[in-house]
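Definitions are given where a term is used.

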Amino acid sequence: QTGKGNSWLGVTNSGGACLARQTAMALSTLGPSWTDGVRVQERKLQEYMFQKNHMLQLQGAAEALKHTLEACPTTTASDGLVHLGDSLMLRNACTGGLLQADIESKVEVEDASRAHAVAGAALSTGLMLNACARNVYTLSRVSDTDEFASDGYLYYGQVIRLVASPLLAERPTYLFSIAGGAGSSCRMCLYPRATSGSQWRVIRAQPPPKGEPCNEERVRLGAPIRLESVATSQALGSDETLQMTSYGNEFRVFGSAEPFVGSVGAVAEAAQCVWAFVDSQWAEEVIAAARKASGAEYVPGEEDIAHPDAEKYLAGLYIPKGWGSDPGALLQSSQTRAVHELAVLDGQQGAAGRRVLARIFPLIRRAGMHVARGLRRMCVQADTQTAGVLPLRTFAGILSWCAIRLQDTELFALLDILAPEQDPNAECIDYRRFFALMGPPLGHVRGIVVRDAYAKLRDDAAGNLVEVLDIQRKWDPSCHPEVQCGKMAAVDARDEFLRQWDISHPDALVSYEEFL
């Protein structure tokens, strides 16, 4: 809890250079973090729990949001060009995924023409390749009197609207750019009003390919384009940052204020903001190429005859090798793919132990912070050799204190990931690794703040030795969120904060390990 302005321990945003020098000097003797030895298992456990939550989300969406996953065929154009009125999908060059809507995730849009904010629907990109109501958009011309020909083709520089499938909502919804502060990135969503934020200019993202006339101004299917909002001048973008949606883990969508440089290298540099209109035939060709490239044990049928250039669609699209089943089923169904990926994780070494931890960690967290700290204190007291390990049965008995019972198979499964490194064959549990894995990952920015705070404490403490009294003097209870909203008295917040510290040092010294 850093409080207002990150100043609860005297660390403010001013004097950053001086603080950085003090931090570097103070942290030079801190030694390695107590979590350094568990990073691999921590990553694998997080991956397993993330994928498990993803599968649960998909199972719920398959029933509650099944109308948004219904097949929605796209327009088929024999000339390979994009026409106004076509229903197509948008593929991002960075993620390889299709632009998708999440009608259950609401985005507040401040509309000057309305007294109250109106909710829009969030956007993301994902690798599900079947055309459905979530990812099919109809191109609509903004003005019939613009400077472009009225021959039905889409031209570079033309302003259009992208209308989502009518299966998503009763009213038409449009791809929309929400205005942000000057120079800042803005958010993108679907919005049920055709205001200026729903107008997009189609810009060529690279020079025309070899063999195509230089004066060709009509947009072709699969051609790299950039969509810039007329209202905010920001480009529609997506990157590989994952976010949890109503359909599971998908890639985020955002607005980019980075200026566009129309050069050959610009596509590689700004792939996040490069898109292409694609149709159902493209998806079928990608699936056919995936079947060919994956080496899966699958007998191809007549529907697997791919376009001669279908392999080019695999560029930038993540297709794991050795699926052992029909890749088409995995590319067309997010739920099938999630079940498969979870099965792959279950087959890895230590998976049985990660399943046990995935069951008991939520139970301990729900019991509250003091239960977790009580468990840790009991482990420390039972560790008479101060070696950081406990016999397997002793550890199981301590867990029973908070009503967690483990079967013998579960206990021995924990040895795969919690056995002490110095003696992996001993039936002992490294309880320090157990609590390190249970703690949520510390983000980069938050980690820097914590290290800066401890460096500040060391700098002000006598002999650079931090005591509980030093923390008590520096901590400001007004930073507690419940104190700020009036639900807790400052004295109660102080008592709660100080009860966190289970100090084993006889002089009440707080090490960086314990502070972290």
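## Aromatic pairs

The predicted model holds five aromatic pairs. Rings of Phe, Tyr and Trp (its six-membered ring) pair if their centres lie within 6.5 Å; planes under 30 degrees apart are called stacked, over 60 edge-to-face, and the rest tilted. Helices (H or I, at least four residues) and strands (E, at least two) are DSSP runs, numbered from the N terminus.

F395 is buried at 1% relative accessibility, and F434 is buried with a relative accessible area of 1%. Buried stands for under 20% relative accessible area, exposed for over 50%, and partly exposed for values in between (1.4 Å probe, protein chains only). Ring pairs also link F361, F395, F434 and F435 into a cluster.

## Helix α11

Seven of the eight residues of α11 are buried, so the helix is largely enclosed by the rest of the structure. The buried residues are Y431, R433, F434, F435, A436, L437 and M438.

At the start of α11, a side-chain oxygen of D430 comes to within 3.2 Å of the backbone nitrogen of R432. A polar contact is a pair of N or O atoms within 3.5 Å; within protein, one atom must be able to donate a hydrogen and the other to accept it, and residues adjacent in sequence count only if both atoms are side-chain atoms.

## Arginines over rings

R134 lies over the face of Y247, at 3.5 Å from the ring centre. R218 lies over the face of Y153, at 4.7 Å from the ring centre. The criterion is NZ of Lys or CZ of Arg within 6 Å of the ring centre and within 35 degrees of the ring normal.

## The loop residue N135

N135 is found in the loop between β3 (118-126) and β4 (137-141), and is buried with a relative accessible area of 0%. A polar atom of the N135 side chain lies 3.2 Å from the backbone oxygen of N130. Leaving aside neighbours within four places in sequence, N135 is in contact (heavy atoms within 4.5 Å) with L88, M89, L98, L99, Q100, M128 and N130.

## Cysteines

There are zero disulfides in the structure, a disulfide being a pair of cysteine sulfur atoms within 2.5 Å. For C94, the closest cysteine sulfur is in C273 at 9.2 Å, too far for a bond. For C132, the closest is in C72 at 7.9 Å, also too far for a bond. C94 is partly exposed, with a relative accessible area of 22%, while C132 is buried at 0%.

## Whole chain

The secondary structure comes to 16 helices and 14 strands. Of the 516 residues in the protein chain, 47% are buried. Among contacts between residues at least 6 apart in sequence, 68% join residues at least 24 apart. The chain exposes about 26,000 Å², of which carbon and sulfur atoms supply 52%; accessible areas come from the Shrake-Rupley method with a 1.4 Å probe, and for residues only the protein chains shown count as cover.

## Basis of the values

Residues are numbered from 1 along each chain as its sequence is written, and side-chain values use heavy atoms, with hydrogens and water left out. Because the model is predicted, local features need pLDDT of at least 70 and side-chain atom pairs count only at pLDDT 80 or more, whereas totals for chains, interfaces and linings use all residues.
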